[in-house]
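Thanks, I will keep this short. Please have the model open while I go through one piece of it.

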Amino acid sequence: MLQFDTRILSNRPLGPSWMELCLAWDPRAGRPEPGQFLTLRPGRGFDPLLRRPFAFASYLDSGPEGPSASILYQIRGQATGLLADLGPGASLDVLGPLGKGFSLPQTDEVPILAAGGVGLGPVLYLARTLAKAAPEDSTAAPVFLAGFRSAAAIPDIDFPPGTILCTDDGSASYRGTALDWIAHNAPIKGSRIYACGPGAMLAALARLARERAWPAELSAEQWMACGVGACMGCALPRPAGAGYLRACADGPVFSRDDIAWEAGL
Ligand SMILES: Cc1cc2nc3c(=O)[nH]c(=O)nc-3n(C[C@H](O)[C@H](O)[C@H](O)COP(=O)(O)OP(=O)(O)OC[C@H]3O[C@@H](n4cnc5c(N)ncnc54)[C@H](O)[C@@H]3O)c2cc1C
Ligand code: FES
């Protein structure tokens, strides 16, 4: 983990709902893994005061401008609004990589990946990483499900081959949620679930995975303050009243039974 001032390489819209920010990455910070995140400060003063967390969507060891990392983001409020106004060459205060990322599947498991809302970036990064690692003829290639309200909300990106785009209204590819697809189509034996998305989606996936005895790794998008484990601002309840875990330092990726997912809804 390193805090450093870096340079924006590009910051561009990917359709009406999404932006992609690409940053020069200081190699002394180490390689960000899928599921890990950075925090950044888009302004120079104290407003906004808190750094904002974003998950890595890609990392390149080398390129024309050296190592680089990207995030996919949606404009929500003040910080993301300020971020969207920054252009190539602008400098940004970044801290990362932070948190615990996804672990790799066992060789006999079928990785089923589900992304919802702003959970798209980290799951896309994992999908690309697993697709690259899987031998061409192997069953270990991930099933990647990306969920959106409608076709209009799908960002203009190169999804890995075989991605299933799930839309609530059926306007692209599969009609229904990633959860619906998994409930009806995922192999009963051997599936391993990976997901990032809204709390209700993670709670429902944890329940389904428990019923079917599937291992699951779920990434929580909990509100954060310090982002480095010092304030308990991101605490999530453990099952059976066994205390709390910090999304920023103990996660954001947790195993199925580490968290009482329903309690946060
Ligand atoms: C580990 C982690 C990874 C994240 N990765 C991404 C990412 O890859 N891409 C992305 O677009 N966003 C991501 N987020 C959410 C992102 O941090 C917020 O969208 C951002 O902080 C909003 O800042 P703002 O000042 O623009 O909006 P604020 O004014 O702070 O918030 C505006 C609205 O955004 C929503 N919001 C803000 N933060 C969260 C949150 N943590 N969870 C749920 N809703 C929230 C709320 O509805 C709030 O009312 C991530 C959050 C976490 C904790
Ligand atoms: S945000 Fe401070 S401990 Fe997690």
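Ile193 has Ala216 as its bridge partner in strand S13. This is a predicted model, in which local features need pLDDT of at least 70 and side-chain atom pairs count only at pLDDT 80 or more, while totals for chains, interfaces and linings use all residues. Residues are numbered from 1 along each chain as its sequence is written, and chains are lettered from A and ligands numbered from 1 in the order in which they are written.

S12 covers residues 191-196 and runs parallel to S13, residues 216-219, with 4 bridges joining them. Strands here are DSSP runs of E, at least two residues, and helices are runs of H or I, at least four, numbered from the N terminus. Two strands pair if DSSP finds at least two bridges between them. S8, residues 110-116, is also parallel to S12, through 6 bridges; there, Ile112 is partnered with Ile193.

Now burial. In S12, 6 of 6 residues are buried, meaning that 20 or more other C-beta atoms, placed from the backbone, lie within 10 Å of a residue's own. Ser191, Ile193 and Ala195 point one way, and Arg192, Tyr194 and Cys196 the other.

What does Leu205 touch, leaving aside residues up to four places away in sequence? Its contacts are Ala114, Leu179, Ile193, Ala195, Ala216 and Leu218, where contact means C-beta atoms, placed from the backbone, within 7 Å.

Finally, S12, helix H4 (residues 199-211) and S13 form a right-handed β-α-β unit: with the strands pointing away from the viewer, the path from the first strand over the helix to the second runs clockwise.

Terms used: Buried ≥ 20, exposed ≤ 12 C-beta atoms within 10 Å, placed from the backbone. Contact = placed C-beta atoms within 7 Å.
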